[in-house]
Amino acid sequence: MKKHDFILWLRNRLSDLPPAELDRVCGFYANAIDERMEDGIAEEAAVHAMGEPEALLREIRATLPEQYHIEPGFDADPQEGVYARRLGEPGQAAPAASPRRRGKAALLIILAAVILTLVLAAPVVLYTHRTISRSHTYVEYYDQAPNVDMPAAADFTPLPDPSEVDRIVIRIDVGTLQLSTSTVANVSCSDNTKFSFGKETDGNGFTTLTLDAAFKDDIFSDENSLDVALPYGNYELVIESDAGSVYADGLIARRIDISVHAGTVQLNCLNVKDSLSAAVNTGYIWAYDIGVPKTGSISLSCDIGDITCCLPGDPADYTFNTSVALGEMDAPFTGGSGDIAVDLSVNIGNLSLSFDQE
Amino acid sequence: MDAQLKRGILEVCVLKALEKQDSYGYQIIKDLSPFVLLSESTLYPILRRIEAAGCVTVYSVEHNGRLRKYYHLTPAGQARILDFLNDWNEVVKAYDFIRGTDDEKA
């Protein structure tokens with residue numbers, strides 16, 4: 001079992017946890033695996049050393065409030081001492097969608113409405129919704145024995161080492177882009193997706209890794225997806241999407257720039273050394289726990305749509321420039337004299353700014 | 001060993017591992033390995049509990065392109081170690097009593 005698969009499995013089994021808690025848990029185990037690998041232990045042995053999976057989950061849940069002690073879809077069987085699956089045979093899908101899947105479905109409905117509006121306003125290609133199975137679903141095998149098979153490894157393609165590039169550019173036309181972290185850069189995609197990548201160095205020695213993804217049928221579907229995992233690094237990350245969702249979780253880079261024409265951007269627990277910017281023409285930006293140093297900046301802009309932003313630390317560390325031309329602004333922090341510049345602007349829509357001062 | 005007793009002992013062991021210097025998860029496991037066997041699945045809840053109890057504080061340091069979390073022993077954590085050592089005398093007395101009773105039966 002590779003570290004990336006293990007962390008994704010952990011996220012899946014703990015998907016009902018609050019986002020901050022989920023990131024804390026996954027960050028702890030990701031770091032623990034990295035430490036062992038730095039100590040010369042092979043990746044799969046390092047993952048195995050984390051402990052028996054079901055016991056690990058029980059220990060994690062036991063540290064949380066009681067509402068999280070039992071995993072959704074499971075009954076606690078005190079006589080057995082293990083969790084018994086409430087419904088279905090091993091290998092069947094969970095009986096209820098996780099909060100993240102329900103949220104994703106809601107965002108796709110909004111996106112479909114936005115695209116329909118664009119079609120009526122200008123001559124564009126019409127997208128039709130179709131369900132296409134993913135090539136890399138994580139199949140989980142459950143039984144009632146304490147030892148549970150880990151999910152089968154997905155079919156990943158390694159990418160060039162980001163430590164050897166200055167900039168990574170990811171371009172997709174339509175669909176979902178999921179960005180996460182891994183010790184080895186890799187990419188995977190759904191059945192109806194094709195991608196290509198290449199590395200170029202200019203005359204000044206500046207190296208760019210470009211990853212282009214397109215969808216074979218040119219038909220929008222919630223299953224058109226590209227998953228890119230990147231290690232922490234000192235690169236610039238540029239993401240360009242025509243229509244769809246961009247999810248970025250746990251990345252560390254020197255700079256991150258995201259632009260989405262029609263769609264959503266969800267950013268969770270990112271750390272940048274210089275700056276982060278996200279711009280959506282029509283859609284939605286949700287940003288939580290974006291870490292920048294005292295010389296850094298954050299810029300989020302949405303032409304038509306909403307921005308929800310929750311930043312870490314003390315508001316006194318920031319200088320705010322917030323604006324909403326037409327809509328509601330819930331941003332109790334304006335101006336300021338902190339070292340981190342935060343620029344949030346919405347043309348038509350709502351803006352919400354808060355702080356997690358944990 | 002009784003689970004509660006073991007849990008309490010392990011918590012104090014982790015606090016003791018932080019007494020001389022701040023440390024991080026894997027290093028704590030290595031430092032304690034000659035004395036107690038710990039895995040991350042056991043250590044994580046211990047660290048969460050002692051942090052929630054104010055016995056340690058946490059900070060991050062960049063290491064090889066990632067953030068390594070370090071744990072720092074607080075005065076409350078130091079007091080917890082001392083309380084354990086003081087309480088242990090009571091445990092030893094009880095142990096001697098129980099063992100003494102078993103010897104009589106034998």
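Predicted model: local features only at pLDDT ≥ 70, side-chain atom pairs only at ≥ 80, totals over all residues.
1. Helix H1 of chain A, residues 3–13, is mostly covered, with nine of its eleven residues buried, where buried stands for under 20% relative accessible area, exposed for over 50% and partly exposed for what lies in between (1.4 Å probe, protein chains only). The buried residues of H1(A) are A:Lys3, A:His4, A:Asp5, A:Phe6, A:Ile7, A:Trp9, A:Leu10, A:Arg11 and A:Arg13. Helices here are DSSP runs of H or I with at least four residues, strands are runs of E with at least two, and both are numbered from the N terminus.

2. Residues are numbered from 1 along each chain as its sequence is written, chains are lettered from A and ligands numbered from 1 in the order in which they are written, and side-chain values use heavy atoms, with hydrogens and water left out.

3. Helix H2 of chain A, residues 19–38, has 20 residues and reaches 28 Å from its first C-alpha to its last, which is close to the 28 Å expected at 1.5 Å a residue; the expected span is 1.5 Å times one less than the number of residues in the helix. H2(A) is also mostly covered, since 15 of its 20 residues are buried, and it is followed by A:Gly40, whose phi is positive, near 95 degrees.

4. Turning to the interface, 21 residues of chain B are in contact with 24 residues of chain A, contact being heavy atoms within 4.5 Å. The area buried between the two chains is about 2,000 Å², with 52% of it given by carbon and sulfur atoms; buried area is the accessible area (1.4 Å probe) that two parts lose on being put together, summed over both.

5. In one of them the side chains of B:Glu40 and A:Arg36 meet at 3.0 Å, N to O. B:Glu40 lies in helix H3 (residues 40–52) of chain B and A:Arg36 in helix H2 of chain A, so the pair joins two chains. B:Glu40 is buried, with a relative accessible area of 1%, and A:Arg36 counts as buried at 10%.

6. Another pair to inspect lies within chain A, where A:Glu164 forms a salt bridge with A:Lys199, the closest N and O atoms being 3.6 Å apart. A:Glu164 lies in the loop between strand E3 (157–158) and strand E4 (167–181), and A:Lys199 in strand E6 (residues 193–201), so the pair ties together parts that are 35 residues apart in sequence. A:Lys199 is partly exposed, with a relative accessible area of 42%.

7. Chain B has four helices and two strands, which follow the pattern α-α-α-β-β-α along the sequence. Of its 106 residues, 35% are buried, and among its contacts between residues at least 6 apart in sequence, 50% join residues at least 24 apart. Its accessible surface comes to about 6,500 Å², 56% of which belongs to carbon and sulfur atoms, with areas taken from the Shrake-Rupley method and a 1.4 Å probe, only the protein chains shown counting as cover for residues.

8. On the surface, B:Leu5, B:Trp88, B:Val91 and B:Val92 form a nonpolar patch with about 300 Å² of accessible area together. Patches are made of residues with over 30% relative accessible area and no salt bridge, like charges being joined within 9 Å and nonpolar side chains (Val, Leu, Ile, Met, Phe, Trp, Tyr) within 5 Å. Helix H4 of chain B (residues 75–105) gives the largest share of the patch, three residues. B:Val91 has its place in H4 of chain B and is partly exposed, with a relative accessible area of 35%.

9. Helix H4 of chain B also holds B:Lys93 and B:Glu90, which are three residues apart, about one turn of the helix, and whose side chains meet in a salt bridge at 3.9 Å, N to O. B:Lys93 counts as exposed, at 54% relative accessibility.

Key: Salt bridge = Lys/Arg side-chain N within 4 Å of Asp/Glu carboxyl O.
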